[in-house]
Amino acid sequence: MRETPAGHDALLLDFGDDDTPWRAALRAGRLLRAAARDGRLPDVVDVVPTEQAVMVQSRPGRGIDRLGVRRVLRDSRTDTEVDTRPGDVADETRIEVRYDGPDLPDVARRLGVDVETLVQTHTSIVWRVQFMGFAPGFGYLVPHEPPSTDLERALCAVPRRAQSRPSVPAGAVAVAAGYSAVYPRSSPGGWNLLGHTDVVLWDLERDPPGLLEPGRLVRFCAA
């Protein structure tokens, strides 16, 4: 793990050299959030995991307790181990999708298959929320296990659209650059739209408001 100051009140923990960076970042994020909640890191106000790093943010002007952060990560290895083994990361969330997206035929042609085969491939993959970003409730999903077929690998290699759309509707299900996602609200976007779902990803009346969180497993199902 590499530590990099991010201003006076934040610290970036980079796990890029770990054997499994995503798992190390996920574990660290969970441990640090738990420590912030139970008072071991009283000045930490936010913990933001990314694909292979975690940003720890403290209250403005208080500075970051680097020793405290290290202590939480070190002591928790034996005292409050967070289990992030494959298959035990989180419960599986099933999202029903109507595969009627405007980019579905183009993506199928790019992969050299028909639309039905593309849908079967997208729904056969168990996806994992690697990190949250872009908009509240927006989870970046990656295959939980390495793609096992050429078609799965090709689907994960589909790039972003050459031109972004000024508005993508809420509930749009999309793929781009190794990720899949569901747009939680209407916003600009350059991903390839495969379909849409009625599942609500972000609701301020819900506790917690976000349906997804880092580490959660997601399976798309054809409605």
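Author: A residue is called buried when its relative accessible area is under 20%, and exposed when that value is over 50%. The model is a predicted one. Tyr179 has a relative accessible area of 14%, so Tyr179 is buried. Trp191, at 7% relative accessibility, is buried by that cut-off too.

These two residues form a ring pair. Two rings count as a pair if their centres lie within 6.5 Å, and planes under 30 degrees apart make the pair stacked. The ring centres of Tyr179 and Trp191 are 6.4 Å apart and the planes stand at 20 degrees, so this pair is stacked. Tyr179 belongs to strand S10, while Trp191 sits in the loop between S11 and strand S12 (192-196). The pair thus links parts of the chain that are 12 residues apart.

Another pair has a different geometry. Planes over 60 degrees apart count as edge-to-face. For Phe134 and Tyr183 the centres are 6.3 Å apart and the planes are at 90 degrees, so the pair is edge-to-face. Phe134 is in the loop between strand S6 (127-132) and strand S7 (139-143), and Tyr183 is in the loop between strand S10 (179-182) and strand S11 (187-189). Because of these positions, the pair ties together parts 49 residues apart in sequence. Phe134 is exposed, at 52% relative accessibility, whereas Tyr183 is buried, at 2%.

Both pairs belong to a cluster in which ring pairs link Phe131, Phe134, Phe138, Tyr140, Tyr179, Tyr183 and Trp191. The count for the model is 10 aromatic pairs. A charged side chain also meets a ring: Arg128 lies over the face of Trp22, at 3.5 Å from the ring centre.

Now the strands. S9 and S10 pair in the antiparallel sense over four bridges, and Val173 has Val182 of S10 as its bridge partner. The hairpin of S9 and S10 has two residues between the strands, and in it Ala177 takes a positive phi near 55 degrees. S9 also pairs with S12, again antiparallel and over four bridges; here the partner of Ala172 is His196.

In a regular strand the side chains alternate between the two faces of the sheet. In S9, Ala172, Ala174 and Ala176 point one way and Val173 and Val175 the other, and all are buried. Since five of the five residues of S9 (residues 172-176) are buried, the strand is largely enclosed by the rest of the structure.

Key. Residues numbered from 1 in each chain as written. Predicted model: local features only at pLDDT ≥ 70, side-chain atom pairs only at ≥ 80, totals over all residues. Heavy atoms only, no water. Phe/Tyr/Trp six-rings, centres within 6.5 Å; stacked < 30°, edge-to-face > 60°. Buried < 20%, exposed > 50% of the residue type's maximum accessible area, 1.4 Å probe, protein only. Lys NZ or Arg CZ within 6 Å of the ring centre and 35° of its normal. Pairing = 2+ DSSP bridges.
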